[in-house]
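Hi,

Here is the structure I promised to pass on. Have a look at it first, and my notes on what turned up follow below.

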Amino acid sequence: GAYPFARNHFLVLEGGYRAFPCARTYVDAQTAIEDSMDGFFGAVAYRYRFSAGRLDGLYLQGGVRHSMFLAERDTVHKGASASGGDLRVGTKGSRIASTRPVFGVGFRFTESLSLELDLAGIQAENALGQSKSGSVIELALGIHL
């Protein structure tokens, strides 16, 4: 939600669930490693909305995001189970909470449709227990009810 507190100035509150795509690495013809990560987040940000002529609908925002992500690793051995199917061995990291900055630019096309590009910091623990941090670029299509 975006809540105006002055002309062109908004307080933005966001929350949700993120699932990152699975990355698959083949060790050999019979073994693959699949890494994935998902979790919940909440954010608060300041948004400035431009409202002159062709810039109407364009906005910039910045704030902080608190997230809790969990990484999982599955090692898949083809045909190694007793029934002849694939044997999947799973490992999970710990769920780690972190608060990182987030910056974005967006465009509100109508009252119910927007497009946003964000740069956000992220921290998680991989399935081996090592803490990792970095940045992600997010492209979001917003459908507002």
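Before the notes, one term: a cavity here is a set of grid points where a 1.4 Å probe fits but cannot get out. Please also keep in mind that this is a predicted model.

**Cavities**

With that rule, the count is two cavities of 30 Å³ or more. The second largest cavity comes to about 50 Å³. Its lining is made up of Glu14, Ala43, Ala45, Gln61, Gly62, Gly63, Arg65, Val102, Phe103, Gly104, Glu116 and Asp118. Two or more of the lining residues come from each of E3, E4, E6 and E7, and E4 gives the most, with four residues. Sorted by class, the lining of this second largest cavity has four nonpolar, four polar and four charged residues.

The largest cavity holds about 70 Å³ of space. If you want to find it on screen, look for Arg18, Phe20, Arg65, Ser67, Phe69, Ser98, Arg100, Ala120, Gly121, Ile122, Val136 and Glu138, which line it. Here E2, E4, strand E6 (96–110), E7 and E8 each supply at least two lining residues.

The largest pocket has a volume of about 480 Å³. It is lined by 20 residues, and the closest to its centre are Glu14, Arg47, Glu116, Gly142 and His144. The strands that each provide at least two lining residues are E2 (9–28), E3 (31–49), E4 (58–77), E7 (113–125) and E8 (131–143). Of these, E2 gives the most, with five residues. In class terms, this pocket lining has eight charged, seven nonpolar and five polar residues.

**Glu116**

One residue I kept coming back to is Glu116, which sits in strand E7. It is among the residues closest to the centre of the largest pocket, and it also lines the second largest cavity. Is Glu116 buried or exposed? Its relative accessible area is 8%, and the cut-off for buried is under 20%, so Glu116 counts as buried. The Glu116 side chain makes a polar contact with the side chain of Gln61, at 3.2 Å. Leaving out residues up to four places away in sequence, Glu116 touches Glu14, Arg47, Tyr59, Gln61, Val105, Gly106, Glu138, Leu139 and Ala140.

**Gly16**

Gly16 lies in strand E2. With a relative accessible area of 25%, Gly16 is partly exposed. Beyond its neighbours within four places in sequence, it is in contact with Gly39, Phe40 and Phe41. Gly16 and Gly62 are 46 residues apart in sequence, and their C-alpha atoms are 17 Å apart in space.

In soluble globular proteins, nonpolar side chains tend to be buried together. In this model, the largest nonpolar core has eight residues: Met37, Phe69, Ala71, Val102, Ala120, Ile122, Ala124 and Val136. Take Ala71 as one of the core residues: setting aside residues up to four places away in sequence, it touches Ser36, Met37, Thr91, Lys92, Gly93, Glu125, Asn126 and Ala127.

Happy to go through any of this with you.

Cheers

Definitions and conventions
Residues are numbered from 1 along each chain as its sequence is written. This is a predicted model: local features need pLDDT of at least 70, side-chain atom pairs count only at pLDDT 80 or more; totals for chains, interfaces and linings use all residues. Side-chain values use heavy atoms; hydrogens and water are left out. On a 1 Å grid over the protein atoms alone, a cavity is a set of points where a 1.4 Å probe fits but cannot get out, and a pocket is an open set with protein on both sides within 12 Å along at least five of seven lines; lining residues have an atom within 4 Å of a point. Grid points are joined across faces, edges and corners, and a volume is the space filled by probe spheres set on the points. Ala, Val, Leu, Ile, Met, Phe, Trp, Tyr, Cys and Pro count as nonpolar, Asp, Glu, Lys and Arg as charged, and the others, Gly among them, as polar. Buried means under 20% relative accessible area, exposed over 50%, partly exposed in between (1.4 Å probe, protein chains only). A polar contact is a pair of N or O atoms within 3.5 Å; within protein, one must be able to donate a hydrogen and the other to accept it, and residues adjacent in sequence count only if both atoms are side-chain atoms. Contact means heavy atoms within 4.5 Å. A nonpolar core is a set of buried Ala, Val, Leu, Ile, Met, Phe, Trp, Tyr and Cys residues joined through side-chain atoms within 4.5 Å.
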